Amino acid sequence: MNTIPTVKLLIGGQFVESETTEWRNIVNPATQQVLARVPMATRAEVDAAVAAGKLAFKTWRHTPIGVRARIFLKYQQLIREHMKEVAAILTAEQGKTLPDAEGDIFRGLEVVEHAANIGNLQMGELANNVATGVDTYTVQQPLGVCAGITPFNFPAMIPLWMFPMAIACGNTFVLKPSEQDPMSTMRLVELAIEAGIPPGVLNVVHGGEEVVNAICDHADIKAVSFVGSTRVGTHVYHRASQAGKRVQCMMGAKNHAIILPDAHKEQTLNNLIGAGFGAAGQRCMAVSVAILVGEARKWIPELVERAQKLVIGNGAAAGTDVGPVISCAAKERVESLIAQGVAEGATLDLDGRQPPLDGGVREGNFVGPTIFSGVKPGMAIYDQEIFGPVLCIAEAASLDEAIALINANPNGNGTALFTQSGAAARKFQEEVDVGQVGINVPIPVPVPLFSFTGSRASKLGDLGPYGKQVVLFYTQTKTITERWFDDSSVAGAVNTTISLR
Ligand code: NAD
């Protein structure tokens, strides 16, 4: 008898077993234990999820703001109450440490709190007397069924970037979580239903390429939010745009931090280690290139020393700093890029292949912190997003040279400068062509009062997830220009000009 649990679909308010014949194992990356099986949903199941969303939209779009907001007030409370439980699921299926899993959930929780404030966010504008007796105002109307496609690295935060704001705006939603770790996402979905999201307003389908393509092509889906790799995001952007949808794609990265010699040394080194190796480097905002300027080049031995002290192991064990990468394939890819870095002439200051481990966790997908210096554009370790615990060190003679290196890189997700100089910081934030800038902050992901603003090759579409921008993404601005005649109005002559007067 097969006792491995299955991950359910959510269609029209019911958690249902897929009828597919195609299933994939969800594997604990620290132990290789099979935790559950996830279905690759059929086309009919995708259609049923979208149809449920379309039906529910008829009533949900008219639901008062207060009713929508109160669901998210309740939802944030439920997420807080279940934080540890969801974090344990997340660590088991994704690998990151338990405190980092709580961080993943917390950054999503902040968006749920923001969604509870939808009344203020979705307000329109009014201009009085734009012509005699004429007023113009705007309303932000929901679009219909929207869809979200999410990556493996933040199975809590990124789904929570998407469906709470879309639904709070009056849309219904079809979510397609990462097939590598959908269990924590599903627990959060269960809590959303418990918070009062009505049947059909939130639906979930699982799968890979075929399900994603079905979402891109579906005539009844009006908007698609995607977060994942540049290759898949570019495909989704083109395919879904071609089908007439609004699309926003947040994609891959290569984030550089510049270290000036006047930076606070202790803080800077600790920040680089945390941002380079936290979550085993599997963050789209991880620092993957450190550019050491001038005398800061002498800090490499201390950086290596600190990285060597990180504890590598099962993320569920207390005291672990770096968990496994998501899959055996990911481990092989990271290790082969490390080999390529050596072959291409970079200096391997710290080799994370075959890291020191406790006896019990040998079977996991572990790669330890790895540091290369002498890294240059043209090397695979610089040109590709490694998405593992590998920090590349490049050198520059001046701040200008360092900024030029960053601006020549196609990606624009995040960047940071470490310095004590206000003038250098101002120059950097003015001249660097990257959408999210940190000054002595290594991972400058904005809180939901703002929006996530990656740029250039890291993003397609104008509007970012969460914050005010996403309200514009998930709504249609309608302008209404109106004039009322009363009994005292004097009938005017026919006017064939375009003027409103
Ligand atoms: P991925 O692109 O492989 O997968 C993302 C989603 O696309 C998943 O739901 C997956 O099922 C689906 N997918 C995979 N292959 C597909 C295909 N051929 N056709 C259609 N759909 C497909 O990304 P991932 O490995 O899960 O996540 C890591 C990537 O996500 C990294 O590149 C990282 O930088 C990026 N990311 C970006 C941000 C951001 O905000 N910019 C945030 C997190 C992650």
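**Exercise 1: Thr-172 and its surroundings**

Thr-172 is found in strand β8, which spans residues 172-176. Work out whether Thr-172 is buried or exposed, and find which backbone atom its side chain reaches.

*Before you start.* This is a predicted model, in which local features need pLDDT of at least 70 and side-chain atom pairs count only at pLDDT 80 or more, while totals for chains, interfaces and linings use all residues. Residues are numbered from 1 along each chain as its sequence is written, and side-chain values use heavy atoms, with hydrogens and water left out.

*Solution.* 
- Step 1: Helices (H or I, at least four residues) and strands (E, at least two) are DSSP runs, numbered from the N terminus.
- Step 2: Check the accessibility. Thr-172 has 0% relative accessibility and counts as buried. Buried means under 20% relative accessible area, exposed over 50%, and partly exposed in between (1.4 Å probe, protein chains only).
- Step 3: Follow the side chain. It reaches the backbone oxygen of Gly-53 at 2.8 Å.
- Step 4: List contacts (heavy atoms within 4.5 Å). Beyond its neighbours within four places in sequence, Thr-172 touches residues including Gly-53, Trp-60, Cys-146 and Val-201.

**Exercise 2: The two sides of helix α11**

Find which residues of helix α11 are buried and which are exposed on the other side.

*Solution.* 
- Step 1: Collect the buried residues. In α11 (residues 300-308) these are Ile-300, Leu-303, Val-304, Arg-306 and Ala-307.
- Step 2: Ask where they point. They sit on the same side of α11 because they cover an arc of only 165° around the axis. The arc is that of the directions from the helix axis to the C-beta atoms.
- Step 3: Recall the general rule. An α-helix has 3.6 residues a turn, so residues three or four places apart point the same way.
- Step 4: Turn to the other side, where Pro-301 and Gln-308 are exposed.
- Step 5: Name the packing partners. The buried residues of α11 pack against α10 (265-277), β13 (287-293), β14 (347-350), β15 (370-373) and β16 (390-396).

**Exercise 3: Salt bridges around Arg-306**

Which residues does a network of salt bridges join with Arg-306?

*Solution.* 
- Step 1: A salt bridge is a side-chain nitrogen of Lys or Arg within 4 Å of a carboxyl oxygen of Asp or Glu. The structure holds 23 of them.
- Step 2: Take the pair of Arg-306 and Glu-266, whose side chains meet at 2.8 Å, N to O. Arg-306 lies in α11 and Glu-266 in α10, so this pair ties together parts that are 40 residues apart in sequence.
- Step 3: Compare the accessibilities. Arg-306 is buried at 18%, whereas Glu-266 is partly exposed at 43%.
- Step 4: Glu-302 is partly exposed, with a relative accessible area of 26%.
- Step 5: Salt bridges that share partners join Lys-265, Glu-266, Glu-302 and Arg-306 into one network.

**Exercise 4: Around the ligand**

How far is the ligand oxygen from an N or O atom in the side chain of Ser-229?

*Solution.* 
- Step 1: The distance is 2.6 Å for Ser-229.
- Step 2: Look at the backbone too. A backbone N or O atom of Phe-152 lies 3.0 Å from a ligand oxygen, and one of Met-251 lies 2.8 Å from a ligand nitrogen.

How values were computed. Polar contact = N/O pair within 3.5 Å; in protein donor to acceptor, adjacent residues only side chain to side chain.
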